[in-house]
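Hi everyone, thanks for coming.

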Amino acid sequence: MIHAIIRCFVIICCLFIVQQISFQSYVYGDESLYEERLALYKKTAAVSNIPWYYLAAIDQYERNMKSNSKEDEELISIHFADEVWYGIGNAAMDPNVAIIQLFNGIGLDGNGDGKADLKNGEDVLYTMAAYLESFGISEDDIKIGLWNFYQRDLSVKTITNTAKVFKHFQTTILTDRDFPVSIGHNYSYRSTWGYRRGFGGNRIHEGTDIFANYGTPVKSTTYGVVELKGWNLYGGWRIGIRDIYNIYHYYAHLNSYHDDIQVGDIVKPGDVLGSVGSSGYGPPGTAGKFPPHLHYGMYKDNGRSEWSFDPYHYLKRWERIAREKRRSS
Ligand SMILES: [Zn+2]
């Protein structure tokens with residue numbers, strides 16, 4: 001029995017460490033790989049007329065869908081099924097471009113070696129660009145091309161928004177982060193993800209509550225696009241931001257929104273979204289049913305489903321980043 005408990009504990013610890021390491025490489029990565037990718041996006045854009053930030057956003061989206069940290073090291077993560085790449089009937093999976101075309105495969109040769117290699121990043125990216133180009137090169141054409149490829153609205157929306165962020169900042173290297181509550185104000189929080197809560201039936205607590213006074217500025221933790229804004233029975237005045245890693249950041253119980261922040265706006269770490277309040281748990285305008293706090297939730301989407309995970313350890317890290325920045329400024 002005791003052995004089983006110890007084993008269980010060791011497994012949980014290992015899982016936690018693996019998750020932390022894969023997140024690090026995920027988000028902070030190695031910069032030379034980012035630069036190599038960026039160069040390839042731009043090179044492929046030049047020969048296909050598909051803007052580099054769309055190619056980057058598709059590649060980023062596909063990388064996010066994979067949980068294997070080894071895949072993070074791949075140059076390009078876009079995936080084509082064998083029969084789509086080589087063509088149905090090309091059973092020998094002959095990479096010769098003429099043979100692939102004979103079998104109506106999609107695979108093309110991007111690096112000029114005469115072969116369409118499914119494992120070669122240049123070939124894969126060039127093939128994706130040519131596929132999109134066949135639908136046209138305007139923003140609407142690209143959306144139609146993306147819809148045909150993924151057949152899922154949220155995938156198209158996420159890729160389009162990520163492209164917007166890359167275009168706006170003119171880079172894919174966006175590793176800065178911030179704490180969601182102004183660290184110049186009084187606040188407190190502890191790990192409460194997964195706790196039971198009363199209102200609204202048997203829901204678990206999908207986030208971390210950061211207690212602070214009314215009016216304390218609430219800030220974006222990441223780069224991303226505002227995906228949702230408005231009233232919700234439980235969340236009150238809330239705002240949702242999807243980042244370039246396809247993680248959805250949810251800020252609830254706000255007292256007010258910043259200026260006229262709108263759905264579709266691009267944000268960066270530290271941008272003020274609104275202020276801490278106690279809105280929610282009733283019809284629009286309900287407030288004061290609990291002490292003022294920011295409810296901060298994080299949700300991951302893998303292209304098929306979405307789930308909540310504990311933001312606590314990320315909050316701790318971003319708090320350190322915010323403190324260091326404050327000290328050095
Ligand atoms: Zn909460």
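This is a predicted model: local features need pLDDT of at least 70, side-chain atom pairs count only at pLDDT 80 or more; totals for chains, interfaces and linings use all residues.

The protein chain has 329 residues, and 34% of them count as buried. Its secondary structure comes to 9 helices and 12 strands. Now take the contacts between residues at least 6 apart in sequence: 57% of those join residues at least 24 apart.

Okay, on to helix α7. It covers residues 139–150, so count along with me: that's 12 residues, and the helix reaches 16 Å from its first C-alpha to its last, close to the 16 Å expected at 1.5 Å a residue. Which residues of α7 are buried? They are I142, G145 and L146. Why do they end up on the same side of α7? Because they cover an arc of only 100 degrees around the axis. If you're new to helices, here's the background: an α-helix has 3.6 residues a turn, so residues three or four places apart point the same way. And what do the buried residues of α7 pack against? Three other helices: α3 at 52–65, α6 at 121–133 and α8 at 153–169.

Q151 sits in the loop between α7 and α8, and its phi is positive, about 55 degrees, although it is not a glycine. Buried or exposed? Q151 is exposed, with 9 other C-beta atoms within 10 Å.

Now go along to Q170, in the loop between α8 and β1, where β1 is 187–189. Q170 isn't a glycine either, and it has a positive phi of about 55 degrees. Q170 has 8 C-beta neighbours inside 10 Å, so it counts as exposed.

Let's move to the strands, and to β8 in particular. Which strands does β8 pair with? I'll take three of its partners in turn.

There's β7, residues 236–243, which pairs with β8 in the antiparallel sense over 5 bridges. If you want to find that pairing on screen, look for I241, whose bridge partner in β8 is H249. The hairpin of β7 and β8 has 3 residues between the strands, and there N246 takes a positive phi near 60 degrees.

Then there's β11, residues 293–301: 6 bridges join it to β8, and the two run antiparallel. Here Y250 stands opposite G297 in β11.

And there's β10, residues 272–276, joined to β8 by 3 bridges, again antiparallel. L254 has V276 in β10 as its bridge partner. One bit of background on strands: in a regular strand the side chains alternate between the two faces of the sheet.

Last stop, the largest nonpolar core. It has 51 residues, and the ones that touch the most other members are Y54, L55, A57, L125, Y251 and L294. Which helix gives the most to this core? That's α3, with 8 residues. The core also draws at least three residues from each of domain 1, which is 33–169, and domain 2, which is 187–328. To zoom in on one residue, A57 touches I159, T162, A163 and F166, leaving out residues up to four places away in sequence.

That's my tour, so let's open it up.

Definitions and conventions:
Residues are numbered from 1 along each chain as its sequence is written. Helices (H or I, at least four residues) and strands (E, at least two) are DSSP runs, numbered from the N terminus. A residue is buried if 20 or more other C-beta atoms lie within 10 Å of its own, exposed if 12 or fewer, and partly exposed in between; C-beta atoms are placed from the backbone. The arc is that of the directions from the helix axis to the C-beta atoms. Two residues are in contact if their C-beta atoms, placed from the backbone, lie within 7 Å. Two strands pair if DSSP finds at least two bridges between them. A nonpolar core is a set of buried Ala, Val, Leu, Ile, Met, Phe, Trp, Tyr and Cys residues joined through C-beta atoms within 7 Å. Domain bounds come from an automatic or database domain assignment.
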